[in-house]
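The points are grouped by topic.

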Amino acid sequence: MRDKELTQRLAKVYQSLSKIPLVRVYGRLSRIVGLTFEATGCDLATGDRCCIERQDGFRIEAEVVGFHKETFYLMPLIHAQGFRPGDKVIPMVGEGVISVGDALLGRVINGLGVPIDGKPIPASCDSITWHAPTINPLSRKPIDQQLEVGVRAIDGMLSVGCGQRIGMFAGSGVGKSVLLGMLARNTRADVVIVGLIGERGREVREFIEHSLGEIGLKKATVIAAPADDSPVMRLRAAELTHRMAEYYRDQGKDVLLLMDSLTRYAMAQREIALAVGEPPATKGYPPSVFSLLPKLVERAGNGLENQGSITAFYTVLAEGDDQQDPIADATRAILDGHIVLDRELAEAGHYPAIQLGQSISRVMPQIVSEENLRQVYFYKSLYARYQQSADLVAMGGYQEGADPKLDLAIKMYDEIRQFLCQGMFEISSLEQTKLRMNELHTKCGDFNA
């Protein structure tokens, strides 16, 4: 028995030795322009990893982002200084692996999977490759179960299914980070993966300590790549966020993926594309940006029949509260619903500042009962009717009895508004949300919309 085990071990060692090249071929750094390093004499392909070595032995990792004839364009993962013409460019063998597992729950890591929270690297982790196999869309489980997120306005009026992809469209300062923290703390998902991509460094710590909190961090892993990281590192962090979620999904767990923000991911790709000479298209975004967005988003969703799900919330920055921004417009078409946060509601103290009339969950009819769906449509119509006539009512220009539905909307507006509002640390279970909705239905009476 021992001889058989020894033979197997020797076979593995021999197999690994056969992959080691007898000759190490390396190129030379020839030029640096802006963010792009140019190298010659290498045998590389787009997407390959390599090391750039200074004359003093210091090395940084870079990624091949393009080439022209015999010249390769490299983008370093960290900001680089002190490099000279002729420095070595050494290809890295293999695709590379990342460490994942429950030991990383409660931890904060960067785009390479290295902890940045000052704690030691956990030893008990699994190793997986960067790229997961693509799932045939016909093999994915259908979205037929609701995921409880603990926010009344979403659970009740914009129900989210396990495996759904939702866009959270918001300008700056309307409470998207607070809402993401509420989702992370209150959800019934097994694991939470948070990607903070391209945000200010100050906001990373504030989100972890205030929005996420100790409770939310216990079952979450945070991947942070702030705005001062290189664009390649920001892209890596977004990909790592999805790769870790895929790992837990393949184990049969329901994963909640929160990524802030999809717009910063697109901006990182824009920086890389423009640096290698790709022509800009819509508002300065090159075509490669709009091809990468669906590739990233499609990695979320349900797995195979024996696997779990990835329910994803992506924040999308609406610059100047413009909902027709090219990134906002593109993502709205490839996601399964969108939640719009309104500045006027936030200024009025309405939190979460969800604009009910502009938000929709496209899979809601598949995961809730017909009675619940009728209730939601009726409440949304009352809410919209009041907002349309709010100025007329405030000026005293409306006479009670002229429009029975508007009368009911005026009567129920405060009730519906109280239902939609929720404190930052207030938890509302799905059962409590349904009970509140039934109470609203009782107060509406037998009015037929």
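**Aromatic contacts, charge pairs and strands**

Tyr383 is buried, with a relative accessible area of 1%. The model is a predicted one, and among its contacts are 23 salt bridges and seven aromatic pairs.

**Aromatic rings**

- Tyr383 and Tyr413 form a stacked aromatic pair, with 5.6 Å from centre to centre and 15° between the planes.
- This pair links distant parts of the chain, since Tyr383 belongs to helix H11 and Tyr413 to helix H12 (residues 404-420), 30 residues apart.
- Tyr413 is buried as well, its relative accessible area being 15%, and ring pairs join Tyr383, Tyr386 and Tyr413 into a cluster.
- Tyr285 and Phe290 make an edge-to-face pair, because their planes stand at 70° while their ring centres are 6.3 Å apart.
- Within that pair, Tyr285 is buried at 3% relative accessibility, whereas Phe290 is partly exposed at 26%.

**Tyr377 in helix H11**

- Tyr377 is found in helix H11 (residues 370-394) and is partly exposed, with a relative accessible area of 48%.
- Tyr377 and Met157 are separated by 220 residues in sequence, yet their C-alpha atoms are 8.5 Å apart in space.

**Salt bridges across the chain**

- Arg236 and Glu61 form a salt bridge in which the closest N and O atoms are 3.5 Å apart.
- The two partners are 175 residues apart and come from distant parts of the chain, Arg236 from helix H5 (residues 231-250) and Glu61 from strand E4 (residues 59-68).
- Arg236 counts as buried at 6% relative accessibility, and Glu61 is buried with a relative accessible area of 18%, the cut-off for this class being under 20%.
- A network of salt bridges links Arg49, Glu61, Glu63 and Arg236.
- Arg165 and Glu298 also meet through their side chains in a salt bridge, at 3.5 Å from N to O.
- Arg165 counts as buried at 9% relative accessibility, whereas Glu298, at 41%, counts as partly exposed.

**Helix H5**

- The end C-alpha atoms of H5 are 29 Å apart, which agrees with the 28 Å that its 20 residues should span at 1.5 Å a residue.
- H5 is mostly covered, as 18 of its 20 residues are buried.
- The side chains of Glu246 and Arg243 meet in a salt bridge with an N to O distance of 3.7 Å, and both Glu246 and Arg243 are buried.
- About one helical turn separates Glu246 from Arg243, because they are three residues apart in helix H5.

**Charges over rings**

- Arg54 lies over the face of Phe83, at 5.8 Å from the ring centre.
- Arg332 lies over the face of Phe169, at 5.0 Å from the ring centre.

**Strand pairing around E6**

- Strand E1 (residues 27-33) pairs with strand E6 (residues 88-91) in the antiparallel sense over two bridges, and Gly27 stands opposite Val89 in E6.
- Strand E3 (residues 49-53) also pairs with E6 in the antiparallel sense, over four bridges, and Cys50 stands opposite Pro91 in E6.

Notes. Residues numbered from 1 in each chain as written. Predicted model: local features only at pLDDT ≥ 70, side-chain atom pairs only at ≥ 80, totals over all residues. Heavy atoms only, no water. Buried < 20%, exposed > 50% of the residue type's maximum accessible area, 1.4 Å probe, protein only. Pairing = 2+ DSSP bridges. Salt bridge = Lys/Arg side-chain N within 4 Å of Asp/Glu carboxyl O. Expected span 1.5 Å × (residues − 1). Phe/Tyr/Trp six-rings, centres within 6.5 Å; stacked < 30°, edge-to-face > 60°. Lys NZ or Arg CZ within 6 Å of the ring centre and 35° of its normal.
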